[in-house]
Structures are given as structure tokens and as C-alpha cells.
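Visitor: Please take me through one part of this model in detail, after a brief word on the whole.

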Amino acid sequence: MSAITRDEVAHLARLSRLALTGDELDHYATQLDAIIEAVAKVTEVAAEDVPPSSHALPLTNVFRADEVRQSLTPDQALSGAPAVEDDRFRVPRILGEEA
């Protein structure tokens with residue numbers, strides 16, 4: 001017997017504002033039932049002695065340490081800009097914003 005019915009799929013479709021045909025309702029009921037069965041199998045496998053985890057392997061920080069280093073001067077950073085104004089990149093105004 002299916003764990004999810006065609007009427008339940010129709011209800012979910014209405015809540016999601018999806019227009020589904022009768023064939024689609026049957027198709028999705030079968031698919032959702034298979035998903036529910038797969039989740040049930042996973043819950044059966046979980047053992048009491050296995051601690052919950054979010055990843056199979058331990059995670060370590062892969063980022064480098066923050067440190068102050070030499071960087072570009074404003075003139076160097078703006079040297080390739082097509083337009084500069086007040087030591088900043090000049091870009092076209094959008095959405096009619098005022099300066």
C-alpha cells in the first residue's frame with residue numbers, strides 16, 4: 001500500500017499552486033512514495049553507537065591566516081579604470097538615483 005495517496009499529492013499541488021494532470025498526480029504519488037521508503041531505510045540503518053555528524057570527514061579551516069600585507073595604492077588600483085572621480089571608480093548612475 002502506498003504511503004502517500006493521489007489525493008495528498010493533489011493537496012500538495014494545490015498548496016504549491018501547481019496544475020497537475022491525473023497522470024502527473026499518479027506519477028508523483030509513486031515517486032514520493034519511493035522517496036518516503038528510501039528515507040525510512042536510512043533511519044533503520046542509523047545505529048545507537050554512531051554519533052550524529054554533519055560530515056563524513058572532519059573539517060579543518062582551509063583559509064590562510066589574516067595578515068597585513070603590501071597592497072595596491074589607490075593610483076595603481078584605478079590606473080586601468082575607464083573613468084575615475086574623487087579617487088573612486090566612476091560608474092553610470094542607475095535607477096535615477098540622486099548623487
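Visitor: Among contacts in the protein between residues at least 6 apart in sequence, what percentage joins residues at least 24 apart? After that, please look closely at helix 1 and the way its buried residues pack.

Guide: Of the contacts (heavy atoms within 4.5 Å) between residues at least 6 apart in sequence, 25% join residues at least 24 apart. The model is a predicted one, in which local features need pLDDT of at least 70 and side-chain atom pairs count only at pLDDT 80 or more, whereas totals for chains, interfaces and linings use all residues. Residues are numbered from 1 along each chain as its sequence is written, and side-chain values use heavy atoms, with hydrogens and water left out.

The protein has 3 helices and 2 strands, arranged from the N terminus as α-α-α-β-β; helices (H or I, at least four residues) and strands (E, at least two) are DSSP runs, numbered from the N terminus. Its radius of gyration, taken over C-alpha atoms with a globule rule of 2.2 Å times the number of residues to the power 0.38, is 29 Å, against the value near 13 Å that a compact globule of 99 residues would have. Along the principal axes, the C-alpha atoms fill a box of roughly 75 × 50 × 20 Å. Of the 99 residues, 9% count as buried, where buried means under 20% relative accessible area, exposed over 50%, and partly exposed in between (1.4 Å probe, protein chains only).

Within that setting, helix 1 spans residues 6–15 and packs with helix 2, residues 22–45, at an angle of about 105°, the axes lying 9 Å apart. The axes are lines fitted to C-alpha atoms, for helices over the stretch in contact, and angles run from 0 to 180 degrees between N-to-C directions. The two helices are therefore roughly perpendicular, a label given to angles of 65 to 115 degrees. On the helix 1 side the meeting involves Arg-6, Val-9, Ala-10 and Leu-12, while helix 2 contributes Gly-22, Leu-25, Asp-26, Tyr-28, Ala-29 and Leu-32. By class, this contact comprises 7 nonpolar, 1 polar and 2 charged residues; Ala, Val, Leu, Ile, Met, Phe, Trp, Tyr, Cys and Pro count as nonpolar, Asp, Glu, Lys and Arg as charged, and the others, Gly among them, as polar.

Burial in helix 1 falls on Val-9, Ala-10 and Ala-13. Viewed down the helix axis, these buried residues fall within an arc of 100°, so they line one face of helix 1; the arc is that of the directions from the helix axis to the C-beta atoms. An α-helix has 3.6 residues a turn, so residues three or four places apart point the same way. The buried residues of helix 1 pack against helix 2, whereas the face turned away from the buried side carries the exposed residues Asp-7, Arg-14 and Leu-15.

Beyond the end of the helix, attention passes to Arg-17, which follows helix 1 and sits in the loop between helix 1 and helix 2. Phi of Arg-17 is positive, near 60°, in a residue other than glycine, and Arg-17 is exposed, with a relative accessible area of 77%. A positive phi also occurs at Asp-86, about 55°, although Asp-86 is not a glycine; that residue lies in the loop between strand 1 (84–85) and strand 2 (88–89) and is exposed at 61% relative accessible area.

Notes
Parallel < 35°, antiparallel > 145°, perpendicular 65-115°, else oblique.
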